[in-house]
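Me: Could you walk me through this one while I have it open? I'd like to go through it piece by piece.

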Amino acid sequence: MGFSIDLGSGKLENITDLKILLNPTKQTKVETKIARNESCPCGSGKKYKKCCG
């Protein structure tokens, strides 16, 4: 008793999703430096140096 499985050897397998899973893109976090004379990101309306700096 033997079983035979035909994998369709004439067709190419799409392995794009597998490549993405094995080699994920590296995400980089970019932090911008706040200048002293810019408005404060906390929303107070003051300059950064007078508020949170």
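What follows is a short exchange about the protein, its surface patches and a few of its residues.

Reply: Before you ask, this is a predicted model, in which local features need pLDDT of at least 70, side-chain atom pairs count only at pLDDT 80 or more, and totals for chains, interfaces and linings use all residues. Residues are numbered from 1 along each chain as its sequence is written, and side-chain values use heavy atoms, with hydrogens and water left out.

Me: How many helices and strands does the protein have?
Reply: The protein has 1 helix and 0 strands, where helices (H or I, at least four residues) and strands (E, at least two) are DSSP runs numbered from the N terminus.

Me: And what share of the residues is buried?
Reply: Of the 53 residues in the protein, 2% are buried, taking buried as under 20% relative accessible area, exposed as over 50% and partly exposed as in between, with a 1.4 Å probe and protein chains only.

Me: What about the accessible surface of the protein?
Reply: It comes to about 5,900 Å², and carbon and sulfur atoms account for 53% of it; such areas come from the Shrake-Rupley method with a 1.4 Å probe, and for residues only the protein chains shown count as cover.

Me: Which residues form the nonpolar patch?
Reply: Ile 15, Leu 18 and Leu 22 form it on the surface, with about 290 Å² of accessible area together. Patches are made of residues with over 30% relative accessible area and no salt bridge, joining like charges within 9 Å and nonpolar side chains (Val, Leu, Ile, Met, Phe, Trp, Tyr) within 5 Å. A salt bridge is a side-chain nitrogen of Lys or Arg within 4 Å of a carboxyl oxygen of Asp or Glu.

Me: Where does Leu 18 lie?
Reply: Leu 18 lies in helix 1, and it counts as partly exposed because its relative accessibility is 46%.

Me: Switching topic, where is Lys 49, and what is it in contact with?
Reply: Lys 49 is in the segment after helix 1, and, leaving aside neighbours within four places in sequence, it is in contact (heavy atoms within 4.5 Å) with Arg 36 and Asn 37.

Me: Last one, what does Cys 51 touch?
Reply: Not counting residues up to four places away in sequence, Cys 51 touches Cys 40, Cys 42, Ser 44 and Lys 46. Cys 51 is partly exposed, since its relative accessible area is 32%.
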